[in-house]
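Please read them with the structure open.

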Amino acid sequence: MMGQMTVVGMDEECLRSIEESKTLAGIFQSVADDCKGLHPAIDDFIVKSTKLDNQIRSTSFAFSAFLESFQKIAHKASNTKGSSRDIGACLMKISIRQKAIETQLRTFSNSLSNGLAFNLKCKNEESKKKIKSLEKNHMKEFKLLRSGIKRKIDTIHKLRKKVTKDNSFEVTKQIEENTSELYTDYRVLEKQERQAVRRINLEERSQYCDFAACMRQVVVEELAGID
């Protein structure tokens, strides 16, 4: 798109501004594409975390049944009329410790389903809308300013053809004024592209920060289980 703009006797600074705008526009689109590429990756991660949650819940139910059976034996040993009550007491202590593992499994499962999958899904949907809006606004602003630049270039061309015929001071003055405005528009375009790149970079960083924040609680639960 930027290559379609015709250079009209521009000075070095203006040419630099044009090239910088082209580079910035390319950076914006590259980062936007990276952001959009992250969305399906996060969706896939949510699916996988949901499957893991289901597996952990199944394990938790199986472990609960296992522990219940274990506790029955420990209870019998503790209440025996024979000489094995000391073994029963030891088994009961083990049972209590095993109960903590069951609790940790359920807590970890809840952190996956409620803290991770749900929050990530909400954040990912918000990001999809935000990226779409940023791209739409960027294209709208770019086209608007570019069309103004093209009109000025056309006006300068027409004035230059006119001045070769009339050699009018007034026409020459109009050329200078339009050229000055054109230079300003190119600098405005560069500034506009810098702002667009800043916004898309912030959104990309926000995506990864949101992901890290959602994962943090899961990691905390994992470490709690290890301790």
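**Notes on salt bridges, cores, rings and cysteines**

1. K128 and E125 form a salt bridge, with their closest N and O atoms 3.3 Å apart. The term salt bridge is used here for a side-chain nitrogen of Lys or Arg within 4 Å of a carboxyl oxygen of Asp or Glu. Both K128 and E125 lie in helix α2, three residues apart, about one turn of the helix. Helices are DSSP runs (H or I, at least four residues), as are strands (E, at least two), numbered from the N terminus. K128 is partly exposed at 29% relative accessibility, and E125 is partly exposed at 36%. For these classes, buried means under 20% relative accessible area, exposed over 50%, and partly exposed in between, with a 1.4 Å probe and protein chains only.

2. A word on the basis of these values. This is a predicted model, in which local features need pLDDT of at least 70 and side-chain atom pairs count only at pLDDT 80 or more, while totals for chains, interfaces and linings use all residues. Residues are numbered from 1 along each chain as its sequence is written, and side-chain values use heavy atoms, with hydrogens and water left out.

3. The count of salt bridges comes to 16. In helix α2 (residues 85-166), E102 and K99 are three residues apart, and therefore separated by about one helical turn. Their closest N and O atoms are 3.1 Å apart, which makes a salt bridge.

4. The salt bridge between K22 and E19 has its closest N and O atoms 3.6 Å apart. K22 is partly exposed, with a relative accessible area of 33%; E19 is partly exposed too, at 44%.

5. The nonpolar cores deserve a look next. A nonpolar core is a set of buried Ala, Val, Leu, Ile, Met, Phe, Trp, Tyr and Cys residues joined through side-chain atoms within 4.5 Å. The largest has 13 residues, and those with the most contacts inside it are C14, I149, I153, L182, Y186 and L189. Helices α1, α2 and α3 (169-226) each supply at least two residues of this core. The most comes from α2, which gives six residues. Another core, of eleven residues, lies apart from it and includes L38, I42, F108 and L116.

6. Three aromatic pairs are present. Rings of Phe, Tyr and Trp (its six-membered ring) pair if their centres lie within 6.5 Å; planes under 30 degrees apart count as stacked, over 60 as edge-to-face and the rest as tilted. The F63 and F66 rings have centres 5.8 Å apart and planes at 40 degrees, so this pair is tilted. F63 and F66 are three residues apart in helix α1, about one helical turn. F63 is buried, with a relative accessible area of 16%, while F66 is partly exposed at 48%.

7. For F66 and F70, the ring centres are 6.5 Å apart and the planes stand at 35 degrees, so this pair is also tilted. F66 and F70 are four residues apart in helix α1, again about one helical turn. F70 is partly exposed, with a relative accessible area of 23%. Ring pairs link F63, F66 and F70 into a cluster.

8. How many disulfides are there? The count comes to zero, a disulfide being a pair of cysteine sulfur atoms within 2.5 Å. For C209, the closest cysteine sulfur is that of C214, 11 Å away, which is too far for a bond. C209 is partly exposed, with a relative accessible area of 42%, and C90 is partly exposed at 44%.

9. N119 is found in helix α2 and is partly exposed, with a relative accessible area of 32%. Leaving aside neighbours within four places in sequence, N119 is in contact (heavy atoms within 4.5 Å) with N114 and C214. N119 and D210 are 91 residues apart in sequence and 8.9 Å apart in space, C-alpha to C-alpha.
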